[in-house]
Amino acid sequence: MGRYAAGRLLLIAPVLLGVSIVVFLLMHLAPGDVTSTLTGPMASPEARAAMRLTMGLDKPLPVQYAKWLGHLLQGDFGFSWVHKRDVGEIIFPKFANTAILALASALLAYLIGFFAGIVAAAKAYSTVDRVIMAFVLIAGSTPLYWLGLILVFLFALIWRIFPATGMTSFIDGGGPLDVLEHLVLPAVASALPSAAIVGRMTRATMIEVLSQNYIRVARAKGIRRSVILRRHALRNALPPIVTVGGMELGYLLGGVVFTEVVFAWPGIGNQLYSSIIGRDIPIVQGAVLLIAGAFVLINLGADLLNAYLDPRTRTAEGGRGG
Amino acid sequence: MSVAVAVRTGAPTGRLRVTLANLGSAWRAYARDRASLAALSFLLLVAAAAVLAPHVAPYDPYEMVALRNALPGEEGLILGADGDGRDVLTRLIWGGRISLLIGIAPTLLAMIASLFVGIFAGYLGGWVDLVIMRFLDMFFAFPLVLVAIVVAGILEPGLLTIIVAIFIALLPYITRLVRTTALSVKAQPYIEAARAGGASPWAILWRYVLPNVVAPVIVYTTTLMGMMMVLGSGLSFLGLGVPPPVADWGTMVSEGRTVLKNAPHVTVFPGLLIVLVALAFGFIGDGLRDALDPRSRKR
């Protein structure tokens, strides 16, 4: 297990390097450049050229990349000319807010999806199962941003139970309870589509496991149904569920732009969105890097957890072939 | 977002094959499944309405025809009016043109490109395969939704931008499926037999590999179309799509935001339509899988 984990950790380095190349190139393929945004429409071409010189934009791409990567490795994400602040100063606190939202919705998604899937599998092909699966199907096809708006309309505008936007209140806000109150709607909105995926996966895996011979043997020995479900079936059904769960946490990070824009949550997705609109390239680069880095680490975590749960997956490829 | 996970987990595993000879029996098998048939009818209806928008839409999509925020049923408008007094039903019909296009076009284009790249990589193998797959691997380190948003964000807002963004985000996923399928087809005895019989490499690719790879990819792609329409509408929702006053369903949801309290119907209907169309694509994909794979047919 230790050797497997070390091998997987070593593989992370080239992946992250690839991530940095993609992010760097993506930003340099963008039409228009930051100097025209910064100097304004009235600026002379000479002023822009001078700006490009100060920012090092006149150098060849590989040189710019090497310089950028060098800074990155020292924890320097660059400087936002729009905000006149270091990128790291801006994106790390935002990322912490996103982590709160992503963890809360992941927790909700796992709880709902896991239990719905187990109940559906235990009563497979019954009415209960059909109702749960219908919900799963609909939740899986529902746009996050639309669901968010519906929740805002019902729970914030009509029934006034939860606040519609933001993370804290202006007046005596900021405490943990205040944040929790603001967290409910965005967490639920981003959790439901993920819960659908976790639910479908849990159901499918559990039904497969429940049809195995050792379950039949356990049943023949007269072991109670609840004990079989918990002790025999669940443990063997866990690895694929963990994989999907890890992927879901990762994809929550992708969908976080929608949730945070709808609910004005002060996180990395919201920041990424406003920086894209404002063409603040260093922040876009930093935010994308941070999200992709977290995504890679979450997938690694899920793989390691799987290797722990199921020794058969401890192969060189990490049990998920290309 | 669930879109992307289904992209990874929804791939069909059975080997399917498309030929002209079995199209008839495939259609009969498809038509037997009532859910897929209903889904197909619904989708054709929506598509027909969108294509014939100038003839079937009751009003002009950009003109104020009623009081602002008129509720459904008021002033003779079945689905009410939006914040600018425009007919919601009319705008849904016109919006379908863009929304369906951003679901279908990039997915279809990505499928065609993936078939080329994936078969190339999988069948040729060696360093070609290695270079292509390591390059695509870099994209798997990003959530699909993030790739689409960033690509759409750095280009100028517009229809083409959304199509390009989804195309790029999707390409690695379909290519991987094509490659895996091509690899397993390559190992089949009938390929060896064809080679022994003296068939040229191109004949083998064209006559034997392609037909056996195409079917699972079509099934996968159909399911993806609904999800990519949800994603594409999301990009429009973020303002990265066609500029106003033209609107697809995602833009309509976004426009409804400002009048959410007094006129929730402006937001509800376009979203509902997105859900229904995405579901329809899903059912059609399921039906196709059953129809194209004789082993999974019920009777």
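**Confidence of the model**

Residues are numbered from 1 along each chain as its sequence is written, and chains are lettered from A and ligands numbered from 1 in the order in which they are written.

- For the complex, the predictor gives an ipTM of 0.86 and a pTM of 0.87.
- Residues 1–14 of chain B stay under 50 in pLDDT, and the model has 47 contacts beyond four places in sequence for them. Two residues are in contact if their C-beta atoms, placed from the backbone, lie within 7 Å.
- Where pLDDT is low, the predicted coordinates should not be read in detail.

**Contact between the chains**

- Chain A contributes 46 residues to the contact and chain B contributes 40 residues.
- On the side of chain B that touches chain A, helix 1 (2–9), helix 6 (126–137), helix 7 (144–154), helix 10 (201–237) and helix 12 (265–292) of chain B each supply at least two residues. Helices are DSSP runs (H or I, at least four residues), numbered from the N terminus.
- That side of chain B divides into 25 nonpolar, nine polar and six charged residues. Ala, Val, Leu, Ile, Met, Phe, Trp, Tyr, Cys and Pro count as nonpolar, Asp, Glu, Lys and Arg as charged, and the others, Gly among them, as polar.

How values were computed: Predicted model: local features only at pLDDT ≥ 70, side-chain atom pairs only at ≥ 80, totals over all residues. pLDDT = per-residue confidence, 0-100.
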